[in-house]
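Q: Please take a close look at one part of this model: its charged pairs.

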Amino acid sequence: MSAITARKGFVQQTDVLDSTSSSTTNSNAASPEDTPRQSPSSTSLSSLDSDNDLDLKTVNGKLLDTYGNEFHLPDFTIKQIRDAIPAHCFNRSGAKGLAYVARDIASLAATFYLFHTYVTPENISSTPARAALWSLYTVLQGLFGTGLWVLAHECGHQSFSPSKTLNDTVGWFCHSALLVPYFSWKISHGKHHKATGHLERDMVFVPKTRDQYASKLGHYAHELTELMEETPIVTAGTMIGQQLVGWPLYILANVTGHNYHERQSEGRGKGKHNGFGGGVNHFDPSSPLYEAKDSKLILLSDLGLGITLAALFLIGSNFGWANLAVWYFVPYLWVNHWLVAITFLQHTDPTLPHYEPQSWNFARGAAATIDREFGFIGRHLLHGIIETHVLHHFVSTIPFYNADEATEAIKPIMGQHYRSNVEGGPVGFLKSIWQSARMCQWIEPCEGAEGENKGVLFYRNRNGLGVPPQKLSPPAELKAVKSDL
């Protein structure tokens, strides 16, 4: 069997082991035969070359991702994944983790010192030149701040060091400084890892179903195939909004998280829902995102934010709010941008499935992620969070500096289910934001899917890109109304 890393317009093939050789008896999916690959064109099926032309009649009833690649349910186990990883990859070093934290803080401090000292009217008389340099400052600080965010993320997963006390202390300080409620995020993020790809339990970037998407537009689901293409300017506006305020909306109102809070085991979700005023957020100890035992940790997270906000207020009062905006808040927006972009692209791609409860298991959900490439910035400043995310979802306690080796170790086990889109490096990464926004509008079952496959949903869109959405009949009640007329 072979695994092929999917890239836009490029396919790299390597020989791998057969992932079915040691599958367990509870596996009920057929063995994968070919790997998912992206079509040579990211437009529509009609633009595929003759070697890849797709006769939809011949694949009716099969699972097709948005590009038209046939998908088979993963059948490997978590034990197979863990056993394939060299033992030393699990080793965590508190000293090494602290050295990286010191490096990132030193980078933030040195950048501030250099710009504050030398980018002044006395040294640079041109106002446009100073404005350009201070704009560069905000970009650099945003990258360094995102790197620190990622290290706190390591703390939340206990991959920073063997000491839980050290992990949570460092994570609380670093995330609080970035206005992130550390423990609140840690708890909800842990639930995301336990239910990745599960449509009723996942905690972030849960896609809209066809009904939900149609309802948002004020239409019935069957009418989506009749709608005109979404204009690029609407797509651009949506993406800009997501990148600017996506993170605040998530922690304030659980936007993109699941909305099944009535099922919360302690009854804390009764009458609560996503959105402002819905009672679902990362700051209230009574939020249904948490259990009663978490209350003190939520309050400790709020305390960290309060201390940071108080410090920022003092800085703004003494040194000017315009200065504070440039020194801290614009870099903060850059951090939020990178955080949202990274998370969005880790879990949103035309090749990725999502699962209804009856078809989901942990291994399938963990495999429903994708690695990308962001060059030097991704691998060094952002600590590889973009490049090794698939491995991270299988074993989140492996530190980032061992993740590349562990990723290579699990590829033979995952076979075709290891996904990576690295074409174009950093530029390709940024282009993928647009591509995913255009191609991944809602999810729906594949036409003719039966049994367990009915619970496997893929992205579709109304932009004429990839596999077209199913043509549905109007609901019975609508037919009845029309007949009465």
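How many salt bridges does the structure hold?

A: The structure holds 16 salt bridges. A salt bridge here is a side-chain nitrogen of Lys or Arg within 4 Å of a carboxyl oxygen of Asp or Glu. This is a predicted model: local features need pLDDT of at least 70, side-chain atom pairs count only at pLDDT 80 or more, and totals for chains, interfaces and linings use all residues. Residues are numbered from 1 along each chain as its sequence is written, and side-chain values use heavy atoms, leaving out hydrogens and water.

Take Arg 438 and Glu 229: their side chains meet in a salt bridge, 2.3 Å from N to O. Arg 438 lies in helix α14 and Glu 229 in the loop between α6 (210-217) and α7, so the pair ties together parts 209 residues apart in sequence. Helices are DSSP runs (H or I, at least four residues), numbered from the N terminus. Arg 438 counts as buried, at 7% relative accessibility. Glu 229, at 45%, counts as partly exposed. Buried means under 20% relative accessible area, exposed over 50%, partly exposed in between (1.4 Å probe, protein chains only).

Glu 291 pairs with Lys 191 in another salt bridge, with the closest N and O atoms 3.2 Å apart. Glu 291 sits in the loop between α7 and α8, Lys 191 in helix α5, 100 residues apart. Glu 291 is buried at 17%; Lys 191 is partly exposed at 22%.

Asp 294 and Lys 293 also form a salt bridge (3.3 Å, N to O). Asp 294 is buried at 5%, whereas Lys 293 is exposed at 67%.

Finally, a network of salt bridges links Lys 164, Asp 168 and Lys 186.

Note on methods:
Helices (H or I, at least four residues) and strands (E, at least two) are DSSP runs, numbered from the N terminus.
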